[in-house]
Amino acid sequence: MVKIAILGYGIVGSGIMQVLEQNRVHIEKKAGCAVEVKRVLDKRDLSKELPSIYTNDFETILNDDEIQIVAEVMGGLYPAYDFVKQALLRGKHVCTSNKELVIKHGAELLSIAEEKDLNFMFEASVGGGIPVVRPLNTALTTDEIVAISGILNGTSNYVLTQMSNLGKSYDEALAEAQHLGYAEKDPTADVGGFDACRKLAILMSLATGKQVDFEEILTEGIQNINQIDFAFARAFGFTIKHMIDGRITPSGVSARAVPMLVHQSSPIAAVTGVFNGVMVQAKATDSVMFYGRGAGKFPTAGAVVTDIVDIAKHLHRHIQFSWSSEKIDILPFDSYKTRKLVRLRENKTENFHMAIPAYPGQIAWLTQSETDKSTKDSLKGLNVERILRVYEPMETVYDQNN
């Protein structure tokens with residue numbers, strides 16, 4: 001039997017308990033042993049709800065040698081970082097859903113785990129229920145990854161889907177997302193692109209094996225997208241998605257989390273509602289896509305339990321992750337070249353411009369692939385309403401002769 005402790009008993013923590021109980025027989029078969037929750041830590045008093053296993057004292061968990069695995073689902077950096085580091089140093093395996101913890105201290109915690117012959121796992125920190133961290137570290141480990149792109153925030157994707165499919169305004173779609181529990185009362189981290197940015201930083205750190213700082217990733221939100229944008233996007237054969245787009249090129253690493261035009265024929269365009277989709281491009285494998293619910297109680301809890309089971313199967317063997325503390329610089333924003341849809345207000349149209357009768361005076365066209373600076377320089381003096389970048393998958397070329 002493997003005994004675990006859960007740090008945090010909110011939505012995900014309680015979901016872990018339910019998944020472990022409801023899937024007990026299946027989990028025991030997969031893990032090769034029973035998994036028992038011995039302690040649950042929370043700042044609230046849960047002594048009546050969890051009388052035999054509740055504690056508000058982390059030392060109780062730290063000093064209990066029977067507890068071999070700690071599942072951290074508290075969120076935030078503190079006290080989560082201190083608790084996780086202490087647990088590893090004390091000889092306990094750790095898994096977490098905490099993206100802030102992973103991107104800020106992942107390399108350090110992985111190093112401690114390796115030194116102690118333990119495991120630090122974090123599948124749930126990126127795609128909720130979508131298994132993408134594990135395939136990057138195992139199934140694709142022998143291939144050379146060149147790009148990671150897609151949708152990694154269910155709130156933004158739900159809002160944009162409602163705007164695109166049902167013609168709702170941004171405010172209407174966001175209010176509905178909040179009513180349904182898909183968006184927080186303060187949705188800034190989601191609609192502002194910051195959540196997706198941090199997840200991209202984790203994936204790019206795994207892909208490059210070095211530390212990618214999220215502060216260097218170009219990040220923009222969806223707050224200014226409107227129905228005129230969708231009308232012109234459709235006219236050119238696109239939809240609008242909030243995209244992560246990380247690329248590893250001979251000249252360096254580029255990374256951005258921004259709204260982009262995605263062609264309607266792309267599989268990413270078909271990712272709607274609260275679902276997420278991540279496309280990994282590698283030289284030999286070419287394109288592999290991971291799709292599923294990126295958040296929510298049971299998808300995220302299920303991913304944490306998957307890590308618990310994996311650790312239970314490898315209690316005495318360290319699972320290697322390629323992620324050092326050595327920092328890799330992100331290319332300057334203006335080195336990125338993309339086609340763009342430019343929309344402006346003008347009294348007359350020219351033949352190469354697209355005009356839509358429903359929006360008189362609004363015209364748009366697609367540029368060639370160029371930097372943001374080049375686009376803006378060419379538009380000086382014009383009444384520009386919107387510039388949207390076009391997402392185009394990176395070409396993957398595998399040299400069969402080497």
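This is a predicted model: local features need pLDDT of at least 70, side-chain atom pairs count only at pLDDT 80 or more; totals for chains, interfaces and linings use all residues.
**Entry 1**

Buried would need a value under 20%. I then looked up Tyr291, which is also partly exposed, with a relative accessible area of 48%.

Next I checked how the rings of Phe275 and Tyr291 sit. They form an aromatic pair with 5.2 Å from centre to centre and 5 degrees between the planes, and the pair is stacked. Phe275 belongs to strand 11 (residues 275-282) and Tyr291 to strand 12 (residues 286-293), so their pairing ties together parts that lie 16 residues apart in sequence.

How many aromatic pairs does a search of the whole structure find? I got seven. One of them is Phe122 with Phe321: the ring centres are 5.1 Å apart and the planes are at 35 degrees, so I noted this pair as tilted. Here the partners come from distant parts of the chain, 199 residues apart. Phe122 is in the loop between strand 6 (120-121) and helix 6 (124-127), while Phe321 is in the loop between helix 13 (297-313) and strand 13. I found both Phe122 and Phe321 buried.

Which residues do ring pairs link into a cluster? I wrote down Phe120, Phe122, Phe321 and Trp323. I also spotted a charge over a ring: Arg198 lies over the face of Phe214, 4.0 Å from the ring centre.

**Entry 1: the cores**

I stayed with Phe122 and listed its contacts, leaving aside neighbours within four places in sequence. They include Thr96, Val102, Leu110, Val133, Ile202 and Leu206, and also Asp307, Phe321 and Trp323. Phe122 came up again when I looked at the largest nonpolar core, which has 104 residues. Ile16 and Phe122 have the most contacts inside that core. Apart from it I found another core, of 25 residues, with Val159, Ala173, Phe230 and Val390 among them.

**Entry 2: strand 13**

Why is strand 13 largely enclosed by the rest of the structure? I counted burial along residues 340-345: five of the six residues are buried, so the strand is largely enclosed.

Then I looked for its partners. Strand 13 runs antiparallel to strand 16 (residues 384-390), and five bridges join them. In that pairing, Arg343 has Arg386 as its bridge partner. Strand 13 also pairs with strand 15 (residues 362-366), again in the antiparallel sense and over five bridges. There I found Leu341 opposite Leu366.

**Entry 3: two aspartates**

Is Asp195 buried or exposed? Its relative accessible area is 6%, so Asp195 is buried. I placed it in helix 11 (residues 194-208).

Asp117 sits in the loop between helix 5 (99-115) and strand 6. Its relative accessibility is 40%, so I put Asp117 down as partly exposed. Beyond residues up to four places away in sequence, Asp117 touches His93, His316, Arg317 and His318. A polar atom of the Asp117 side chain lies 3.5 Å from the backbone nitrogen of His318. I also took the C-alpha distance from Asp117 to Leu315: 9.0 Å in space, although they are 198 residues apart in sequence.

How values were computed: Residues are numbered from 1 along each chain as its sequence is written. Side-chain values use heavy atoms; hydrogens and water are left out. Buried means under 20% relative accessible area, exposed over 50%, partly exposed in between (1.4 Å probe, protein chains only). Helices (H or I, at least four residues) and strands (E, at least two) are DSSP runs, numbered from the N terminus. Two strands pair if DSSP finds at least two bridges between them. Rings of Phe, Tyr and Trp (its six-membered ring) pair if their centres lie within 6.5 Å; planes under 30 degrees apart count as stacked, over 60 as edge-to-face and the rest as tilted. A charge sits over a ring if NZ of Lys or CZ of Arg is within 6 Å of the ring centre and within 35 degrees of the ring normal. Contact means heavy atoms within 4.5 Å. A polar contact is a pair of N or O atoms within 3.5 Å; within protein, one must be able to donate a hydrogen and the other to accept it, and residues adjacent in sequence count only if both atoms are side-chain atoms. A nonpolar core is a set of buried Ala, Val, Leu, Ile, Met, Phe, Trp, Tyr and Cys residues joined through side-chain atoms within 4.5 Å.
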